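Please open the model in your viewer and keep the selection tool at hand, as this tour goes from one open space to the next.

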Amino acid sequence: MRITQVELRHIKMVLVSPFVTSMGTEYDEEHIIVRVDGEGITGWGESVAEGTPYYSYETVQTAWHILRDFLIPSILGKDLKGVDEAIASYAIVRGHMMAKAGLEAALWDAFARSENRSLSRMLGGVRDRVDVGVSIGIQPTEKDLIKKVEGYLAEGYKRIKIKIAPGNDIQYVSALRNEFPRLLLQVDANSAYTLNEIDLFKRLDEYNLSLIEQPLGYEDIYDHSKLQREIKTPICLDESIHSLDDTRAAIELKSCRIINIKPGRVGGFTESKLIHDYCASMMIPVWHGGMLESGIGRAGNVALASLPNFILPGDISASKRYYKEDIVIPEFVVNSDGTMDVPSGPGIGVEVDMKMLEKVTVRKEVFRA
Ligand code: SMG
Ligand code: MG
């Protein structure tokens with residue numbers, strides 16, 4: 001496929017409620033929507049770099065720079081045989097996984113559409129529905145949290161994840177466990193702790209959590225191996241894993257027993273698949289993370305989560321959990337049994353709502369071959 005045009009859009013979407021984590025409070029979400037065109041086919045992708053460098057060093061501005069000045073020029077006007085050839089053309093660029101993943105996603109969509117296949121099947125997906133959970137930010141009180149959880153359980157969600165931070169941890173876990181003794185519950189610290197707090201993690205062992213996500217440093221693998229040795233609850237790494245190599249290091253060092261896969265964090269679906277396959281071979285379960293994507297990114301996440309080793313429910317929630325209106329048709333909904341349907345149409349399998357996309361676009365740039 002000869003890529004004749006690439007379009008970038010900086011989008012900003014207001015969240016239905018603020019999302020509070022150990023990294024701060026988010027009121028809206030800024031991402032980049034990537035559109036590629038070639039030979040009458042259009043592909044869509046989403047780069048999950050945010051407005052701030054708090055979760056990752058990447059931001060919308062750095063991703064835009066890398067896309068405009070390095071990634072797009074490396075593929076524009078080229079007759080690509082497949083996604084692998086695109087990846088090879090920009091392999092010289094180090095890091096900037098979210099910038100790469102946005103372009104790669106648009107190319108996967110375009111190639112899947114050109115073969116009239118769904119992205120799920122193209123990636124090796126085996127399910128037509130995936131188990132989903134919800135990630136809840138830090139609430140003002142334990143009572144507020146319990147109310148939120150009740151609401152999400154009523155909607156069908158299979159699993160609850162709560163954000164924790166020093167001072168806002170054990171009391172929330174304990175309150176939830178008291179109220180919901182059998183709830184599938186996990187916590188995410190987003191790197192807010194150090195090994196000095198090992199006693200807290202030992203205490204968390206008593207609450208039957210399915211995992212503790214990224215308790216220590218955001219690039220760390222070594223200290224996590226020391227912590228995992230001392231506690232029973234499985235550690236799951238998120239921020240520290242940028243590649244298959246990081247995954248191997250973490251598993252060989254026994255730094256975690258579970259891996260969170262986010263295509264944006266590891267450079268795209270291709271690397272995600274490598275990580276997925278390696279983890280399967282090591283009997284390490286994976287689950288799909290979330291970056292509060294719009295429907296475009298969400299569609300790709302659902303497709304990837306349909307691969308066989310995505311064993312635990314993902315941070316993949318209904319469109320309305322994030323935004324009043326989504327930018328795709330149909331929007332994503334959760335079934336009453338806690339699953340989400342995997343789109344079966346060509347490519348990402350949803351249609352972009354151009355009117356809505358226009359409404360949330362704050363900047364646009366078009367590159368032509
Ligand atoms: O997409 O449902 C979602 C959000 C899931 O908690 C979530 N993501 O560390 O896993 C994580 C966070 C990262 C985004 S918060 C800035
Ligand atoms: Mg996380």
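How much space lies in the largest pocket? About 430 Å³ lies there, where a pocket is, on a 1 Å grid over the protein atoms alone, an open set of points where a 1.4 Å probe fits, with protein on both sides within 12 Å along at least five of seven lines, and a volume is the space filled by probe spheres set on the points, joined across faces, edges and corners. This is a predicted model, in which local features need pLDDT of at least 70, side-chain atom pairs count only at pLDDT 80 or more, and totals for linings use all residues. Residues are numbered from 1 along each chain as its sequence is written.

Select F19, E26, E29, E50 and L292 next, which lie nearest the centre of the largest pocket among its 29 lining residues, those with an atom within 4 Å of a point. Two or more lining residues come from each of β1 (5-21), β2 (24-38), β6 (160-163) and α13 (319-322), the helices being DSSP runs of H or I with at least four residues and the strands runs of E with at least two. With 6 residues, β2 gives the most.

Now colour domain 1 (5-116 + 351-368) and domain 2 (121-341): both give residues to this lining, so the largest pocket lies between them, the bounds coming from an automatic or database domain assignment.

Move on to Y55, S56, Y57, E219 and H242, which lie nearest the centre of the second largest pocket, lined by 19 residues. About 320 Å³ of space lies in the second largest pocket, and both domain 1 and domain 2 give residues to its lining, so this pocket lies between them.

Key. Chains are lettered from A and ligands numbered from 1 in the order in which they are written. Side-chain values use heavy atoms; hydrogens and water are left out.
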